[in-house]
Amino acid sequence: MADAVKKQGLFSRIETREDALKLVRDGSIAFLVLAGLQALIGVFIAPGMLLDAAILAVLALIIWKAQSRVGAVALVLLTGAEAVITVLNRIGAMSSGGSNVFLAIIMLILSIRLVEATFKLARAQPSTRRAPVSASGGQSTAR
């Protein structure tokens, strides 16, 4: 067992910038697909799901296109709230929302991974600030 086989997919270890970018892309696509399914269910069965689907889609697009840490944290808050509501529905304390606890937990874990990826991307970016360089090649002309 000299070399361990590297896991691939949404739950693999984030070691490089490319790993983080791939996770952001794949995770965002997963949430967009989920938002589409929620919208479809919302149109035909439960219109209350349309707002959740729209918010989920907007956050997924923001995370994908801008690698936004704020969007990722907002997604964790949303999926966390959905997970709590799902558990409460499952135990009978509430009657609105879903009852698939497994899906809610997967969504929460994936959104936490997106936060991790976006924070690693922000840390890995090179500094955009540069020291000002004068036209004389860095030497001051004032004496």
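Visitor: Leaving aside its neighbours within four places in sequence, which residues is Ser28 in contact with?

Guide: This is a predicted model, and in it Ser28 lies in helix H1. Ser28 is buried, with a relative accessible area of 1%. Once neighbours within four places in sequence are left aside, the residues in contact with Ser28 are Leu23, Ala60, Ile63, Trp64 and Leu114.

Visitor: Which backbone oxygen lies 3.4 Å from a polar atom of the side chain of Ser28?

Guide: Ala60 is among the residues in contact with Ser28. A polar atom of the Ser28 side chain has a backbone oxygen 3.4 Å away, and that oxygen belongs to Ala60.

Visitor: How many helices and strands does the protein have?

Guide: Read along the sequence, the pattern is α-α-α-α. The count for the protein is 4 helices and 0 strands.

Visitor: What share of the residues of the protein count as buried?

Guide: A residue counts as buried when its relative accessible area is under 20%. Ser28, at 1%, is buried. For the 143 residues of the protein, the share that counts as buried is 28%.

Visitor: How far apart are the end C-alpha atoms of helix H4?

Guide: Helix H4 runs over residues 101-124, which makes 24 residues. At 1.5 Å a residue, H4 should span 34 Å. The distance in the model agrees with this, because the end C-alpha atoms of H4 are apart by 35 Å.

Visitor: Which helices are included in what covers the buried residues of H4?

Guide: The buried residues of H4 include Ala104, Met107, Leu110 and Leu114. Their cover includes three helices: H1 (17-44), H2 (49-66) and H3 (69-91).

Visitor: At the start of H4, which residue has a side-chain oxygen within 3.3 Å of the backbone nitrogen of Phe102?

Guide: H4 covers residues 101-124. The backbone nitrogen of Phe102 is reached to within 3.3 Å by a side-chain oxygen at the start of H4, and that oxygen belongs to Asn100.

Visitor: Is Arg113 buried or exposed?

Guide: The side chain of Arg113 meets that of Glu116 in a salt bridge, at 2.9 Å from N to O. Both residues lie in helix H4, 3 residues apart, about one turn of the helix. Glu116 is partly exposed at 30%. Arg113 has a relative accessible area of 13%, which is under 20% and therefore means buried.

Visitor: How far apart are the closest N and O atoms of Glu116 and Lys120?

Guide: Glu116 and Lys120 both lie in H4, 4 residues apart. Residues three or four places apart in an α-helix point the same way, because there are 3.6 residues a turn. Lys120 is partly exposed, with a relative accessible area of 26%. In the salt bridge between Glu116 and Lys120, the closest N and O atoms are apart by 3.4 Å.

Visitor: Which helix gives the most to the nonpolar patch?

Guide: The patch of about 630 Å² is made by Leu40, Ile41, Val43, Phe44, Ile45 and Leu50. Leu50 is found in helix H2, whereas Ile41 lies in helix H1. With 4 residues, the helix that gives the most is H1.

Visitor: What separates the C-alpha atoms of Ile41 and Ala53?

Guide: Ile41 is partly exposed, with a relative accessible area of 37%. Leaving aside neighbours within four places in sequence, Ile41 is in contact with Ala46 and Met49. Ala53 is 12 residues from Ile41 along the chain, and their C-alpha atoms are separated by 9.6 Å.

Methods. Residues numbered from 1 in each chain as written. Predicted model: local features only at pLDDT ≥ 70, side-chain atom pairs only at ≥ 80, totals over all residues. Heavy atoms only, no water. Helix = DSSP H or I, 4+ residues; strand = E, 2+ residues; numbered from the N terminus. Buried < 20%, exposed > 50% of the residue type's maximum accessible area, 1.4 Å probe, protein only. Expected span 1.5 Å × (residues − 1). Contact = heavy atoms within 4.5 Å. Polar contact = N/O pair within 3.5 Å; in protein donor to acceptor, adjacent residues only side chain to side chain. Patch = residues over 30% accessible without salt bridge, like charges linked within 9 Å, V, L, I, M, F, W, Y side chains within 5 Å. Areas by Shrake-Rupley, 256 points an atom, 1.4 Å probe, with all protein chains shown as cover. Salt bridge = Lys/Arg side-chain N within 4 Å of Asp/Glu carboxyl O.
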